[in-house]
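Subject: Handing over a structure, with notes

Dear colleague,

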Amino acid sequence: VQMNREFFLVDGYAGLLDEYRFYFDLHEAEVTAGLRSAFDEAYLPVLRRQGVGMVYLSIGGEHTAQVMYGSTDQHFFWDAHRNLDLFLCEEENGTGSFILCRRAADLDRAIREHKIAVLAALSGGKALEGKSNFQALANLRSLYRAGLRAVQLTGNGRNRLADGCGQHRTMG
């Protein structure tokens, strides 16, 4: 990765803003037609004011409310997929403010074009579990194809990959 500036500020962990999803849902027809940008309204002003050039963005995973209130395993997957879809819709319709980074060249391009580099991540592996009786990597492959590039093994709860904070050690 070639740096074109003296320094490059990375927000090392950010959760998806509720405002972004709300704005997208409220104006979905206009956003998907390329007439508005939910990212520009919800994220860009804050990131620019802070001087952030790249954001490691949690698009889902194991959020406290989901773990506490017993969301189904499939809910975690579909929530993450829906959140990635927001970025894909804006990207497909010509957003001028961010690049969803899938490879190092995308980060280089974001720096060169003074756009926000977005690295999509999961905060916990629960979204990857799939059916309890079926061990497959289909969820991971699907999210990867949509732009996911990082996975934190666990967040607040226990999943098949690891124990979360405050969990007793899994026996077995």
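At 36% relative accessibility, Glu113 counts as partly exposed, a class that lies between buried (under 20% relative accessible area) and exposed (over 50%), as judged with a 1.4 Å probe on protein chains only. Its side chain meets that of Lys115 in a salt bridge, with 3.2 Å from N to O, where a salt bridge is a side-chain nitrogen of Lys or Arg within 4 Å of a carboxyl oxygen of Asp or Glu. Lys115, by contrast, is buried, with a relative accessible area of 15%.

Before going further, please keep in mind that this is a predicted model, in which local features need pLDDT of at least 70 and side-chain atom pairs count only at pLDDT 80 or more, while totals for chains, interfaces and linings use all residues. Residues are numbered from 1 along each chain as its sequence is written, and side-chain values use heavy atoms, with hydrogens and water left out.

The structure holds nine salt bridges. In one of them Asp25 pairs with Arg82, the closest N and O atoms being 2.5 Å apart. Because Asp25 lies in helix H1 and Arg82 in helix H6, this pair ties together parts that are 57 residues apart in sequence; helices (H or I, at least four residues) and strands (E, at least two) are DSSP runs, numbered from the N terminus. Asp25, at 39% relative accessibility, is partly exposed, and Arg82, at 21%, is partly exposed as well. Glu30 forms a salt bridge with Arg36, with their closest N and O atoms 3.4 Å apart.

Which residues touch the most other members of the largest nonpolar core? They are Tyr20, Phe39, Phe87 and Val118, in a core of 35 residues, where a nonpolar core is a set of buried Ala, Val, Leu, Ile, Met, Phe, Trp, Tyr and Cys residues joined through side-chain atoms within 4.5 Å. Several elements each supply at least two residues of this core, including helix H1 (18–26), strand E2 (52–61) and strand E4 (116–123), and the largest share, eight residues, comes from H6. Leaving aside residues up to four places away in sequence, Phe39 touches Tyr20, Leu44, Leu47, Phe87, Glu90, Ser97, Phe98, Ile116 and Val118, a contact being heavy atoms within 4.5 Å. Apart from this core lies another, of nine residues, among them Met54, Ala110, Ala117 and Leu119.

With best wishes
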